[in-house]
Amino acid sequence: MKFKFIAPSFRGKKNVWLIVSFLLPLSFLFVFFFYPLINIIRFAFFGSNGFSLKSFLAVLSDSYTLRVLAFTFKESFLSAAITLLIALPGAYIISHFRFKGRDTLVSLATIPFILPSVLVALGFIILFGRSGMVNTFLIKILHFHHPVNLLYSFWGIILVHVFYNFPIPLRIIGASWDGLPKKYSFAAQSLGASNLEVFFKVTLPLLLPSVISSFTLVFMFCFLSFVIILVIGGAKFATLEVSIYTYYNMFFDFKTGSALALIQAAFTLLFVYVYMKTGSFAEKSEEKREIYEYKSLFENRKSFIFSTIYLIFVFPVIFLPLIVIFASSFTNPVTSEFTLNNFIDLFSGKFTYITSIGIYRVILNSIFFALFATALSTIFAVMISYSVKKLSKLKDFLVALLMLPIAISPVTIAFSYILTFRNTPVINSWLIIASAHTVIAFPFALKTLYPSVERMPRSLVYAAQSLGMNRLKTFFAVDLNLLRLPIIVSSIFVFAISLGEFGATFMLYKNKYITMPVALYRFISGRHFGIASAMGAVLSLMALLIFFLIDKFRKEVSVI
Amino acid sequence: MKKLDISRLCKKYGNFELDVSFSVYEKEFISILGPSGSGKSTLLHLIAGFISPDSGKIFKDGADITNLPANKRNIGVVFQDYALFPYLNVFSNIAFGLRVKKEPSDLIKRKVYEIAERFDIADLLYKYPDYISGGEKQRVALARAMVVKPDILLMDEPLSSLDAKIREKLLKELRDFHRQFGITIMYVTHDQTEAMFLSDRIVLLNNGGVDQISTPLELYENPKTDFARRFIGKMNSITVNGKTLYIRPENVIVRNSGKFTGKIEDIIYLTGFAEIEISTEFGRVIARDFLRNVKGLKKGDAVKFDLL
């Protein structure tokens, strides 16, 4: 029905490519996203007697649901607020000073997107867990009698979330602060405002869009937190995301699961909306600044001491989980001595009974899904960008519609697949996981590639055509060359997202298709921390490689 | 009476060095004129106190203010693009300085209404800066700066981003404003027309140093350096008997009774007047005359002319 509107502007023989490049991704998204999503709505509202709000309202007013909702909001709010407070000094430092390592600090903002959350959980367990490094230190050196519970608590969850997410506001607010025209604070000063008054009356109001936008983004990430809650929260704590999983996995309750998924989606949609609105506002204020306006860290003592303390504290903390994972992977969990056994055990298949398939197969699965999702989402994003670009009226609406998967949680997507495909062979095949990864990754590819396609100077295409090239040849000779960098960056980014994907895979996997994060989760659940560290080290290495690759292209293309 | 005294004020950025001395008198409209990179904005930022100098002194009303922070100087600033706070409405923009001074709110209200009346912006008070025109912004910016009664008003290329038509109107407004309020104004610009139109005196700045300080007429008629001659208007330089004469194009008069002869190389028609390029025994000379006087002349004609 939608297509009827669009068809006229695609008329003509030449546009057959455009129609194909529009319909192909759309039909994929229809089968693997929109239709399953509709099924969730159906399960939530339609019973054997047709439409009814009764069961939905029952779920909504259930005391367990309310508890879960309250916890999810409380946990997300505190995580986001503390994250913001910790990031603010960093945002000040990166926007006012120029120093070695500043660019690295800025690019760390990609970490929360590309570092698998299960790795972060592992890092914190190794560090703060009952038999973790801190407790070992307390017992062996300070002669404590019992390990101290530092991690498995409400504040443990907040701690991990804060660590995981603080590079995001650091980058978003820092960039906006950097781009803040100085004239406003000058104007305030000339009207008699002191430095403190300038900060509260001018700087803060001008930074507000970026503060709200980064707060919303972090809030949403914590709102959708899954594996960190599973691992650290245990049975005591559940976010909406965890309870959707629980209702399906433990009670096989599709109706309640659907209702919870819809409640969650309503909130995440709101968050995405706020993020996009304030985000575009924040970008508007960016302005080029003269280089002499930046100070050196050494210019005065106060700023030097403040910044140094902050940086010394912050830099190691970001890499801490990775460092402890590497350290622990070469340590015997019992004797604390150096050993290669963790890796030998991992690769010799000693623990295959936990993963049910060989470790090489696990790694291959992960790489296969990531490659599949990368290829498909990138190609689809390019196709959609080209075909949508031509539409004048529905363009914005269509792009928003196709970005929708970003607002639907991985567990919900997986859950909708189960509702939709549970009686078909698809549910047991590799395709189901591969499709979930593609759907999850697609909005990120579209967000990176669509602006590049839209901005592409048409004159170059016309120039090539006037020199005798047909449009298809022009596409390969001109367009793809211009799009090379955005495609590379988007591909690496999307690859990382798929590689670290946990929620959807965890809901959908069959033993044959187990991935690295799921295997890692199983090792952690079985408390095999030595081998978990070895596996974590392999995954960390991949994530680090991806981080440095993206960082290389960071100046040219922005992924977040 | 000296309102502002700038004494050997220095500031270095890489290869660039600003080093200036001059005075500004009470109620004077003084322009700092110079090409981009000449140090105009740096000078303004130093006087306002947004940056501090490497050496030198700034005196206001005889008092050394070199190390006084910007918010204690009582020097008003109108910025390029006006820098109205986008998240505050016009009323709150104007009230900003009064609120910082913690004046009682009914007094603030009275003062804002009063000044808004004077600048004819009373009906804009509850609009936001994004929704008012460039001309209105200038008046709001002036009102915001003036309501706290500054000793001196600094203006940083306020007209540079506006189109030609509105610019002319605002220039007149600015001149009237200065006459009405009788405040000392220092106006930074790269545009000679603006400087000529507005100023009592012009400080011509070149590459960080003062090139010449004089009234607009003096600067035009009697530029002291090559830079001043090149920067202000057009100038013929003619060498006769080993002596160099500087003659403005409008002082080259094409007429049949002329003493000198030459050949027309080109005629460039501009609005209302034309420039005639003449090749002569002492090189190329440019004459400028009204269009009506140029009628009938064409390229290749032999002409006679006088130098006034």
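# A tour of chains A and B

Begin with chain B of this predicted model, where 61% of the contacts with a separation of 6 or more are accounted for by residues 24 or more positions apart. With the whole chain selected, the C-alpha trace spans about 75 × 45 × 35 Å along its principal axes, and the secondary structure comes to nine helices and 17 strands. Of the 308 residues in chain B, 36% are buried.

**First stop: the sheet with β1(B)**

Select β2, β1, β4 and β5 of chain B, which form an open sheet of four strands in the order β2-β1-β4-β5 with antiparallel pairing. The edges are taken by β2 (16-25) and β5 (63-64) of chain B, each of which has a single partner strand, so that one side of each is left without a neighbour in the sheet.

**Second stop: the side facing chain A**

Now bring chain A into view and select the residues through which the chains touch, a contact that takes 17 residues from chain B and 15 residues from chain A. On the chain B side, β6 (75-78) and α2 (90-100) each supply at least two residues. Coloured by class, that side of chain B shows 13 nonpolar, three polar and one charged residues.

Move along chain B to strand β9 (residues 201-206) and strand β10 (residues 209-214), which pair in the antiparallel sense over five bridges. These strands form a hairpin with two residues between them, and in the turn Asn207(B) has a positive phi of about 50°. Which residue of β10(B) is the bridge partner of Asn206(B)? Selecting Asn206(B) leads across to Gly209(B).

Turn to chain A and select helix α14 (residues 240-249), which is mostly covered, with eight of its ten residues buried. The buried residues are Leu240(A), Glu241(A), Val242(A), Ser243(A), Ile244(A), Tyr245(A), Tyr247(A) and Tyr248(A).

Finish with helix α19 (residues 359-389) and helix α24 (residues 471-500) of chain A, whose axes come within 8 Å and cross at roughly 140°. That angle makes α19(A) oblique to α24(A), and α19(A) passes α24(A) in a right-handed crossing. To display the contact, select on α19(A) the residues Ser366(A), Phe369(A), Ala370(A), Ala373(A), Thr374(A), Ser377(A) and Thr378(A), and on α24(A) the residues Ile487(A), Ser490(A), Ser491(A), Val494(A), Phe495(A), Ser498(A) and Leu499(A). By class, this contact of α19(A) with α24(A) has seven nonpolar, seven polar and no charged residues.

Conventions: Residues are numbered from 1 along each chain as its sequence is written. Chains are lettered from A and ligands numbered from 1 in the order in which they are written. This is a predicted model: local features need pLDDT of at least 70, side-chain atom pairs count only at pLDDT 80 or more; totals for chains, interfaces and linings use all residues. Two strands pair if DSSP finds at least two bridges between them. A residue is buried if 20 or more other C-beta atoms lie within 10 Å of its own, exposed if 12 or fewer, and partly exposed in between; C-beta atoms are placed from the backbone. Two residues are in contact if their C-beta atoms, placed from the backbone, lie within 7 Å. Ala, Val, Leu, Ile, Met, Phe, Trp, Tyr, Cys and Pro count as nonpolar, Asp, Glu, Lys and Arg as charged, and the others, Gly among them, as polar. Axes are lines fitted to C-alpha atoms, for helices over the stretch in contact, and angles run from 0 to 180 degrees between N-to-C directions. Angles under 35 degrees count as roughly parallel, over 145 as roughly antiparallel, 65 to 115 as roughly perpendicular and the rest as oblique. A crossing is left-handed if the near helix is turned anticlockwise from the far one by less than a right angle, and right-handed if clockwise.
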